[in-house]
Protein chains: 2
Amino acid sequence: MARPREFNETEALSGAMNAFWTSGYDGTSIPDLLKATGLSRSSLYETFGDKSALFEAATGLYFRTHGQPRMEALRQATSTMQGLRRFFGLQIGSCLDPKSPNGCLLTNTCTSLSSHDPKIEYMLRKSNRLFRAELLALLVRGQQAGEIPQDRDVESLSHMLMAVSFGLNVAARVDPDRRSLHAMANAALKAIE
Amino acid sequence: MARPREFNETEALSGAMNAFWTSGYDGTSIPDLLKATGLSRSSLYETFGDKSALFEAATGLYFRTHGQPRMEALRQATSTMQGLRRFFGLQIGSCLDPKSPNGCLLTNTCTSLSSHDPKIEYMLRKSNRLFRAELLALLVRGQQAGEIPQDRDVESLSHMLMAVSFGLNVAARVDPDRRSLHAMANAALKAIE
């Protein structure tokens with residue numbers, strides 16, 4: 001029987017996720033991660049590998065707890081507008097949640113990535129592209145169902161909705177005002193109908 | 001006669017601006033700033049004061065070289081759409097400029113601010129609010145001139161345009177694709193007409 005670990009791996013990973021969320025990839029040092037996880041340097045490396053492997057595990061947890069419900073809101077939408085409203089509602093809820101760091105782990109990492117680590121850049125690019133593909137799929141379904149007028153350029157709209165989602169994360173970071181964040185989302189949704 | 005400084009203050013400040021632009025406020029350490037400015041620690045403190053005073057001077061330079069022309073595009077617009085098109089054209093040009101760090105100094109700082117330094121937060125909040133006020137003023141002028149339909153909610157549109165501008169900075173950081181960035185701006189502008 002394997003010896004039980006002396007620490008809770010999920011809690012340690014959750015601490016690492018919050019550290020990366022607060023400061024981005026480059027802004028989070030190994031000492032920050034030791035403090036956030038409560039682990040010794042050797043336990044950290046033994047359990048999670050190096051910093052980029054730990055980041056990958058932390059973004060995996062972020063995706064399961066924060067990204068996944070939002071992506072499901074888009075995938076399981078009963079209509080395009082319902083799905084987008086639910087998506088932005090979840091995002092704004094998370095931006096305003098006093099228990100979480102502000103904004104979005106991935107947005108914060110995108111804008112603070114100064115090291116140009118190709119592996120991290122690739123992960124972020126892939127995540128952004130998947131997100132836009134989900135938006136586009138939902139818009140196309142809405143256009144096919146006659147919910148969105150045929151003359152709307154859904155390709156451009158999917159880019160714009162992604163930009164608004166990123167922009168919400170930025171604005172919420174220093175000015176987390178519920179009304180302003182909803183105004184951003186509502187004006188973007190009005191452009192679709 | 002004052003002894004001439006042994007270094008070019010503007011060049012040093014420009015180096016500091018690029019360092020903050022690349023890594024945000026928290027992500028830029030004093031050793032990073034010494035390297036970026038080419039100054040000794042004592043010259044740095046003597047010339048610019050502490051890190052937050054240097055940040056203030058660096059954002060001042062950023063505003064004069066990058067923010068000011070964009071704000072003038074909004075203020076001196078011959079029509080609302082012309083002004084917004086010029087604004088986003090300048091922003092996208094700067095995002096794609098290979099000579100500059102990607103994205104926007106202020107956006108990068110917003111999303112990487114983990115220290116909750118009240119002075120820096122206040123500066124960023126003030127800058128965001130001024131930006132939105134300029135957008136709103138231009139939209140109101142357009143509505144008064146009959147360029148923008150009366151039923152448009154210009155307050156919400158100003159929030160949405162600000163979000164798209166922030167989102168452009170985020171997207172450009174890991175995926176600086178000209179077509180995608182223009183699609184974001186164009187779909188946002190289409191929502192106004």
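These are my notebook entries on a predicted model with chains A and B.

**Confidence**

I began with the predictor's own scores. Chain A has a mean pLDDT of 92, and 96% of its residues reach 70 or more. Helix 6 (residues 105-111) of chain A has the lowest confidence, at a mean of 85. Helix 9 (residues 178-190) of chain A has the highest, at 97. For the complex I noted an ipTM of 0.91 and a pTM of 0.92.

**Chain A overall**

I went through the secondary structure next. Chain A has nine helices and zero strands. From the N terminus on, its elements read α-α-α-α-α-α-α-α-α. Along the principal axes, the C-alpha atoms of chain A fill a box of roughly 60 × 40 × 30 Å. I checked burial too: 45% of the 193 residues of chain A count as buried. I also looked at how far apart in sequence the contacts reach. Taking contacts in chain A between residues at least 6 apart in sequence, 62% join residues at least 24 apart.

**How the two chains relate**

I superposed chain A on chain B. A rotation of 180 degrees does it, with 0.0 Å of shift along the axis and an RMSD of 0.0 Å. That is the relation of a two-fold axis. The same surface serves both copies, as 98% of the contact residues of chain A recur in chain B.

**The interface**

I counted 43 residues of chain A in contact with 42 residues of chain B. Which elements of chain A give two or more residues to this side? They are helix 1 (9-23), helix 6, helix 7 (118-144), helix 8 (154-174) and helix 9 of chain A. Helix 8 of chain A supplies the largest share, 16 residues. By type, the side of chain A that touches chain B has 18 nonpolar, 17 polar and eight charged residues.

**Helix 8 of chain B**

I turned to helix 8 (residues 154-174) in the other copy. In chain B this helix has 21 residues and reaches 31 Å from first C-alpha to last, close to the expected 30 Å. Helix 8 of chain B is mostly covered, with 20 of its 21 residues buried.

**Helix 9 of chain A**

The 13 residues of helix 9 of chain A should span 18 Å at 1.5 Å a residue, and the end C-alpha atoms are 18 Å apart, which agrees. I listed its buried residues: Ser180(A), Leu181(A), Ala183(A), Met184(A), Ala185(A), Ala187(A) and Ala188(A). What covers them? The cover includes helix 5 (80-96) and helix 8 of chain A, together with helix 8 of chain B.

**The core**

I looked up the largest nonpolar core, which has 108 residues. Val164(A), Val164(B) and Met184(B) have the most contacts inside it. In chain A, Met184(B) is in contact with His159(A), Met160(A) and Ala163(A). In chain B, its contacts are Val164(B), Gly167(B), Leu168(B) and Ala171(B).

**Met123(B)**

My last stop was Met123(B), in helix 7 (residues 118-144) of chain B. Is Met123(B) buried or partly exposed? Met123(B) has 19 C-beta neighbours inside 10 Å, so it counts as partly exposed; buried would take 20 or more. Not counting residues up to four places away in sequence, Met123(B) touches Glu56(B) and Thr59(B). I also took one distance: Met123(B) and Leu106(B) are 17 residues apart in sequence and 9.5 Å apart in space, C-alpha to C-alpha.

Terms used: Residues numbered from 1 in each chain as written. Chains lettered and ligands numbered in written order. Predicted model: local features only at pLDDT ≥ 70, side-chain atom pairs only at ≥ 80, totals over all residues. pLDDT = per-residue confidence, 0-100. Helix = DSSP H or I, 4+ residues; strand = E, 2+ residues; numbered from the N terminus. Least-squares fit on C-alpha atoms with pLDDT ≥ 70 in both. Contact = placed C-beta atoms within 7 Å. Nonpolar A, V, L, I, M, F, W, Y, C, P; charged D, E, K, R; others polar. Expected span 1.5 Å × (residues − 1). Buried ≥ 20, exposed ≤ 12 C-beta atoms within 10 Å, placed from the backbone. Core = buried A, V, L, I, M, F, W, Y, C linked by C-beta atoms within 7 Å.
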